[in-house]
Amino acid sequence: MISELFSVTVLIGILASGIRLATPYLYAAIGETFGQKSGVLNLGVEGQMLLGAFAAFYVALTTGNLWLGVLTAMIVGALMGLAMAYVTVNLHAQQGISGIGFYLFGLGMSDLLFQKMLGTVETVKGFPKIYIPGLSDIPGIGEIFFSQNILVYLAYALVPIGWFVLNKTTLGLKIRSVGENPDAADSLGVSVARIRYFTIILGGTLSGVAGASMSIALLNVFQQNMTSGLGFIAVALVYFGAWRPVGVLGGALLFSLINSLQLWIQVLGIPIPSDIAVMMPYVLTILVLVATVSRVRAPSALTKPFEREN
Amino acid sequence: MQQKLGSLFDALLPVIATFAALAVGAVMLLFLKVNPIDAYAALWDGAFGSTNAFAETLVKATPLLLVGLGICISFRGDVINIGGEGQMIVGAVLATWVGLTFTGLPGWLVITLSMLAGFLGGAVWGGIPGVLKAYFNVNEILSTVMMNAIAVQLMNFLLRGPMIDPSQAELASKIPQTARLLDAFRLPRLAPTRLHLGALIAVILAIAVYVLLWRTTLGYRIRAVGLNPNASRYAGIKVQRYVVLALLLSGAFSGLAGATQVFGVNYRMITDGSASGFTGSAGFNGIVAALFGQLHPILTIPASILFGALLVGANKMQRVVQVPSALITALNGLVVVFVVSSEILRKRRQRRRLAIAGQEDDSPPPQPDDKKVNQAEAGA
């Protein structure tokens, strides 16, 4: 039965769904990268994703307009980000703990709204596959890379965009300087608070899209706690990727490919305990953190509230 | 006088935060077209309305208190332990294994060994991130989150495979659960309710943690490292060792919480595939309780009872006014946000007090952190 895993059709299936499943990680983790680069750890990603997932699903279901769903998820995520920004920037609240608070809020709130407004698990017709003319006809490659839905393509587009903004623009320079040395940035006239508000709200917006990508593009359902820890992994991926969008992409693919492999193992009924397979990316993440942390430095001001000296 | 009022206000901050959260909850209830008074009345009734209700509240409060005690230790040491869920699971797995393996031994002995096994399992699961933080500089928030995920998969694997109930293994359904513990191995009930010995153990341990943190060298050093690691290092404290110890002890208490859930409430382990299926999110809610108790072990007792009450009352509220108990999860989140946000008020007042003290004796204002560390060392 194991040999079935290595048939071409199955391999293509594993790769194609692996590429697809990286989508929510990418949105959430690239958003989180911006936040952390500016010195803010947002642990509430999971909560933002859950509320975004519900908002997108509900709007898509009731209006039939998928893009309106994505937009609503973005607004919901941005509002959560705004609250997070106020609490961490203005009130100097401990970032890790307030993030847990926002997580619990999103977890409870999305469940509450789901039960009150929908009640049962329904499905929605999600974003259709887009076949890129010409490329999608290439055997294998076409199915893996060029027959995905629009939110998948956009997620991958975020990687170079994120890299470009962070490393090649004035805005990116400001974000990095606020995360490395807020005092110096402040004395040069960069508003630390404004930059951090921007990155946290951006992170929330992208987390909302991450949730939407699950509920109306990948799984096309909403369930209680449907992210089941994915948002926390997205935060870890930022460390894993050493605060670089490309590194984040690598980590996201690692998790999603192993997930996809494990799903196929179950589908094919291969008697390998899938729990152990699911465990592997987490173990690997810890090992990678151990191996890289001494060489890669986190933004100096990460988790430190900024206060102007007198 | 003003100072007294100030510290009273500080002490009441969490209570104010809770009322603020409940007020937000009331607004949400109005949106859901539910009378908030009816809803909160049902909540109160469900939590305190009868002997059984109150006993349930205490049963729910027990794991929150145990996890919360661990949180008091680690947060005081400036180590953020988010791994309560995983530590509970590993503690419970190890304790259950003891309970299912040593069936020939007397009940009191197996119970004791199992509780110790739970403590040990949690200690290992907390100790690993501790070592990673102290010696490899790995952020403990991340590693504990990862350890949670690993623990869940470990539990799923064990309960579906090696530790599955033998009678389930033969059935096609294969419900992922262990065999039931022998009746003799159950934690004794404290009253003709579901309240079990675990609650009493938790309260005794709360006192023990208070003594540990404020009356022993170990506790002083953990707190000193938390207040100012650099000053502690200059004072000759081996900072890394106390970082590991803070996380290890924190995990141990969560592990014990997991063990008491199996031996006092469920009498077996069963998984629905998620962490909260076993823990009921106590690993997170224990953080809420400890923060609410201002990271003081004794104050964490009433805080745990409060959140236990909210959880139990939420079920009643769900039945009576059809408001999903998820509302309470959301409100718990708000309490956390409000409590950590209100810290700034306390800090501002503290700074003002220091500034005034500085003006009075005409000397530069003292460095609060170093001073506290010196005191801590002097006490040690």
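What percentage of the 380 residues in chain B do buried residues make up? The answer is 54%, and it belongs to a predicted model, which the following legends present view by view.

**Figure 1. Chain B as a whole, a chain with 16 helices and zero strands.** The C-alpha trace of chain B spans about 80 × 55 × 35 Å along its principal axes. Chain B has a radius of gyration of 22 Å, which agrees with the value near 21 Å that a compact globule of 380 residues would have. Buried residues account for 54% of the chain. When contacts in chain B between residues at least 6 apart in sequence are considered, 78% of them join residues at least 24 apart.

**Figure 2. Close-up of helices α4 and α11 of chain B, whose axes come within 6 Å.** Two packed helices are described by the angle between their axes and the distance between the axes. Helix α4 of chain B covers residues 84-101 and helix α11 of chain B covers residues 239-266, and their axes cross at roughly 50 degrees. This angle makes α4(B) oblique to α11(B). The crossing of α4(B) and α11(B) is right-handed. From α4(B), the residues that meet α11(B) are B:Gly84, B:Gln87, B:Met88, B:Ile89, B:Val90, B:Gly91, B:Ala92, B:Ala95, B:Thr96 and B:Gly99. Their counterparts in α11(B) include B:Gly251, B:Ser254, B:Gly255, B:Leu256 and B:Phe263. By class, the contact of α4(B) with α11(B) has ten nonpolar and ten polar residues, and no charged ones.

**Figure 3. Chain A as a whole, a chain with 13 helices and two strands.** The radius of gyration of chain A is 20 Å, close to the 19 Å given by the globule rule for 310 residues, so chain A is as compact as a globular protein of that length. Its C-alpha trace spans about 70 × 45 × 40 Å along the principal axes. Of the 310 residues of chain A, 55% count as buried. Among contacts in chain A between residues at least 6 apart in sequence, those that join residues at least 24 apart make up 78%.

**Figure 4. Close-up of helices α2 and α7 of chain A, with their axes 8 Å apart.** Helix α2 of chain A (residues 8-37) packs against helix α7 of chain A (residues 150-168) at an angle of about 25 degrees. Because angles under 35 degrees count as roughly parallel, α2(A) and α7(A) are described as roughly parallel to each other. The crossing in which α2(A) passes α7(A) is left-handed. On α2(A), the contact is made by A:Arg20, A:Thr23, A:Leu26, A:Tyr27, A:Ile30, A:Thr33 and A:Lys37. On α7(A), the contributing residues include A:Leu151, A:Val152, A:Ala155, A:Tyr156 and A:Gly162. Sorted by class, the contact of α2(A) with α7(A) has ten nonpolar, three polar and two charged residues.

**Figure 5. Close-up of the contact between chain A and chain B, which takes 40 residues from chain A and 40 residues from chain B.** On the side of chain A that touches chain B, the elements that give two or more residues are α5 (95-117), α11 (230-240) and α13 (274-293) of chain A. Helix α5(A) gives the most to this side, with 16 residues. By class, the side of chain A that touches chain B has 26 nonpolar, eleven polar and three charged residues.

Methods: Residues numbered from 1 in each chain as written. Chains lettered and ligands numbered in written order. Predicted model: local features only at pLDDT ≥ 70, side-chain atom pairs only at ≥ 80, totals over all residues. Helix = DSSP H or I, 4+ residues; strand = E, 2+ residues; numbered from the N terminus. Rg over C-alpha atoms; globule rule 2.2 N^0.38 Å. Buried ≥ 20, exposed ≤ 12 C-beta atoms within 10 Å, placed from the backbone. Contact = placed C-beta atoms within 7 Å. Axes fitted to C-alpha atoms, helices over the stretch in contact; angles between N-to-C directions. Parallel < 35°, antiparallel > 145°, perpendicular 65-115°, else oblique. Left-handed = near helix turned anticlockwise from the far one by under 90°. Nonpolar A, V, L, I, M, F, W, Y, C, P; charged D, E, K, R; others polar.
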